[in-house]
Amino acid sequence: MRKVDTHRRVHPTIALWLIVGWVGFCLLPWYGIEDGFLSLIWLFDGYPFEPGYAPGLFLLLQGEKLWLAPIVIGLLLPIFALATAKSAKAHSTLLILAGAFGFGWLIAQGFGIGLRGFQFEWLEALFGPLGDRQFGMGYGALLAATAFLFFFTQGIAARGAINGDVFVVGSIGFVIAIVTVFVFFPILSLLTSAFITEDGGYSAGVFIAKFFDDKLWGTACMTFSGRCGAAWNSLILAILVGASTTVLGLCFALIVARTGFRFKRGLRALTVLPIITPPFVIGLALILLFGLSGTVTTFVADLFGVQPTRWVYGLPGVLIAQILAFTPIAFLVMIGVVEGVSPSMEEAAQTLRASKWHTFRTVSLPLMRPGLANSFLLGFIESMADFGNPLVLGGNFDVLSTEIFFAIVGAQYDQGRAAVLAIVLLAFTLGAFYAQRFWLGRKSYTTLTGKGDAGVHPQLPAPFAFAVGAIVAAWTFFTIVIYGMIFYGSVVQLWGVNNTLTLKHYVTAFALRITEEGIRWTGSAWDSFWTTVQIAAVSAPLTAAVGLVTAYLLVRQSFAGKNAFEFGTMLSFAIPGTVIGVSYILAFNVPPIEITGTGVILVVSFIFRNMPVGVRAGIASMSQLDRSLDESSLTLGANSWQTFLRVVLPLLRPAILAALVYSFVRAMTAVSAVIFLVSAEYDMATSYIIGRVENNDYGLAIAYSMTLIFVMLGAIGLLQLLVGKRSIGRRGQQARAAVTAT
């Protein structure tokens with residue numbers, strides 16, 4: 001094996017992070033700025049250093065914030081490492097000390113000094129009263145903390161960790177740091193509420209009493225004497241949704257990839273429609289169709305002479321709405337896996353006289369296991385975390401997410417009960433996560449190697465293709481009807497009451513005037529629209545990048561604590577958005593990270609709420625890539641970063657597209673966490689729509705939703721063009737290319 005001189009290789013990177021650290025300390029605002037992280041106003045009027053814009057060095061030279069002085073030591077140590085360290089051991093030791101000391105001191109002073117000085121009495125007794133306060137960290141502190149983190153990881157790599165791979169060690173350290181700060185810290189700050197008593201103390205008895213509440217675990221529905229608890233309702237619903245969305249996602253993927261269906265592009269677009277729609281809009285459409293006075297309900301009642309019922313409220317309605325909303329997630333995961341199965345294996349089975357059905361059942365389907373398992377897991381977790389659909393259609397069918405919502409925003413305002421419910425929900429999702437891992441086992445699902453594979457996927461057996469096509473056709477028709485009703489509701493005066501056609505809702509929301517001064521956006525929805533597009537455009541690529549790098553580490557690398565690492569990356573997806581929103585407010589409304597009311601808290605919440613989709617899609621696709629591809633690249637002299645960028649990523653285009661599409665549209669349509677995190681300056685589209693619904697202005701709300709749908713369809717098409725398709729060099733692709741050329 002080629003020996004790598006990590007002591008010399010990391011020097012340029014150290015110099016880069018030294019520049020980053022010193023720029024953060026000497027030039028950028030050390031504390032948070034009033035206009036939020038997404039504002040760059042400080043570039044124009046922040047100098048000379050006004051309050052709230054001053055860098056750390058300037059504050060230190062002015063005799064303020066003297067607790068920043070040790071930061072200088074942390075930034076000087078890497079310089080000594082570059083200039084004086086003769087051996088790799090001394091070099092790595094100085095880097096580790098610099099990173100650990102600098103990062104540790106930032107954390108210590110951040111939590112030790114609060115809004116009113118020292119946070120702990122023993123610190124005040126030791127150092128005396130502090131005549132100043134801590135503010136939220138700004139750009140300068142962010143860059144310095146990042147530099148210290150990578151000093152530490154590069155020192156660890158120089159010691160030979162993970163074969164001295166700087167990219168891998170740095171990536172692991174970075175993901176651990178951001179997941180700890182933006183997932184574990186806010187969730188733990190909320191979960192401690194489960195043990196807090198009325199007098200502010202802590203007691204396990206309070207937790208036990210709330211945990212064994214009959215409203216949570218009741219089984220009265222089994223004897224038809226009452227209702228079941230929210231925990232059982234959520235579990236049953238999540239299993240049904242996970243199984244249903246997986247089957248439907250597989251059916252759509254098979255029709256697109258394994259049949260000669262002519263309208264594949266249209267079918268792809270249709271499968272994405274539900275995911276780009278605010279969930280309560282689908283619920284309203286279902287009520288218009290199947291409610292007590294719904295179109296279908298009254299038609300059936302008149303046709304058969306039966307009494308209309310409210311059957312759509314409860315489990316049936318929530319189940320239908322969630323299947324509609326989450327099937328696209330399963331499709332986005334399954335399409336890459338179905339297309340990635342090696343045709344050569346299927347051709348080998350058919351060469352041995354296996355029938356098409358036997359080949360599919362014994363060869364193709366087992367190789368799709370990673371996609372099946374991951375799509376079920378995502379459907380299960382999405383169902384557990386969803387509260388929009390149960391809120392609209394739940395009726396008396398209580399689930400954990402809505403119970404958490406009402407515990408937090410209701411008249412009771414019981415954070416302890418919300419925390420207990422969140423713990424139960426987390427236990428269910430973790431159980432599904434480990435059940436998925438057990439089902440996959442340690443088997444190999446590799447189908448793409450460095451060898452040539454120019455085969456063509458066999459078509460589905462005719463009877464099976466007919467059955468799958470019938471399922472897809474029925475669900476497609478149902479989806480078209482739902483969206484027809486949604487569109488119809490946007491162009492009538494009052495949905496369900498006055499059906500006179502009109503465009504006034506669109507005009508009210510998106511009116512504009514062209515004047516001599518330029519375009520004036522006079523519609524009432526423009527502010528929230530542009531803010532939503534900005535937040536989604538920033539968060540989507542960051543979400544995809546973090547998710548795919550994490551997937552690469554999980555699939556391609558072996559390191560201590562890998563299971564805990566994977567658990568941490570999935571934790572945010574297992575927690576309802578309402579809990580994420582409230583926990584972020586509790587954690588980030590005070591120093592050291594004071595970002596409530598800014599755009600960055602929305603970006604961060606979307607990144608870590610949606611990152612697991614990129615992780616699971618990346619894992620499913622990367623499981624099919626043979627490790628020999630990585631090994632060949634490394635043998636030819638490329639490092640891990642170059643291998644990841646030039647070899648792995650081009651073969652992960654379906655996963656990249658899934659991560660980008662999902663993260664963008666979820667940022668555009670998210671409801672639960674957004675309700676708590678929006679501000680007057682950063683109002684999001686969904687919070688605006690909810691406000692219209694609360695004011696019974698359904699036409700404007702639906703018109704806004706339809707506008708979002710068209711905007712996101714355009715964005716998805718653009719992402720498809722930018723990402724492109726994975727080129728594997730199979731005969732089918734070559735034939736299509738030849739036909740196109742002629």
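Which residues touch the most other members of the largest nonpolar core? In this predicted model, they are Met368, Ile482, Leu553, Tyr584, Phe608 and Tyr704, out of 189 residues in that core. A nonpolar core is a set of buried Ala, Val, Leu, Ile, Met, Phe, Trp, Tyr and Cys residues joined through side-chain atoms within 4.5 Å; buried means under 20% relative accessible area, with a 1.4 Å probe and protein chains only. Residues up to four places away in sequence aside, Met368 touches Leu250, Leu254, Arg258, Met334, Val337, Val338, Val341 and Phe360. A second, separate core has 28 residues, among them Leu18, Phe25, Ile113 and Phe118.

Residues are numbered from 1 along each chain as its sequence is written. Local features need pLDDT of at least 70 and side-chain atom pairs count only at pLDDT 80 or more, while totals for chains, interfaces and linings use all residues; side-chain values use heavy atoms, without hydrogens and water.

The contact (heavy atoms within 4.5 Å) involves residues including Phe606, Asn610 and Val613 of helix 28 and Tyr662, Ser663 and Arg666 of helix 31.

On the helix 19 side the contact is made by Pro370, Gly371, Asn374, Leu377, Leu378 and Ala385, and on the helix 28 side by Arg609, Val613, Arg616 and Ala620.

Two single residues complete the account. Val472 lies in helix 23 (residues 462-490) and counts as buried because its relative accessibility is 4%. Val472 and Ile255 are 217 residues apart in sequence, yet their C-alpha atoms are 8.0 Å apart. Beyond neighbours within four places in sequence, Val472 is in contact with Cys251, Phe252, Ile255 and Leu267.

Ser687 belongs to helix 33 (residues 685-694) and, at 17% relative accessibility, also counts as buried. The side chain of Ser687 reaches the backbone oxygen of Met684 at 2.8 Å. With neighbours within four places set aside, Ser687 is in contact with Val674 and Val678.

Key:
Helix = DSSP H or I, 4+ residues; strand = E, 2+ residues; numbered from the N terminus. Buried < 20%, exposed > 50% of the residue type's maximum accessible area, 1.4 Å probe, protein only. Polar contact = N/O pair within 3.5 Å; in protein donor to acceptor, adjacent residues only side chain to side chain.
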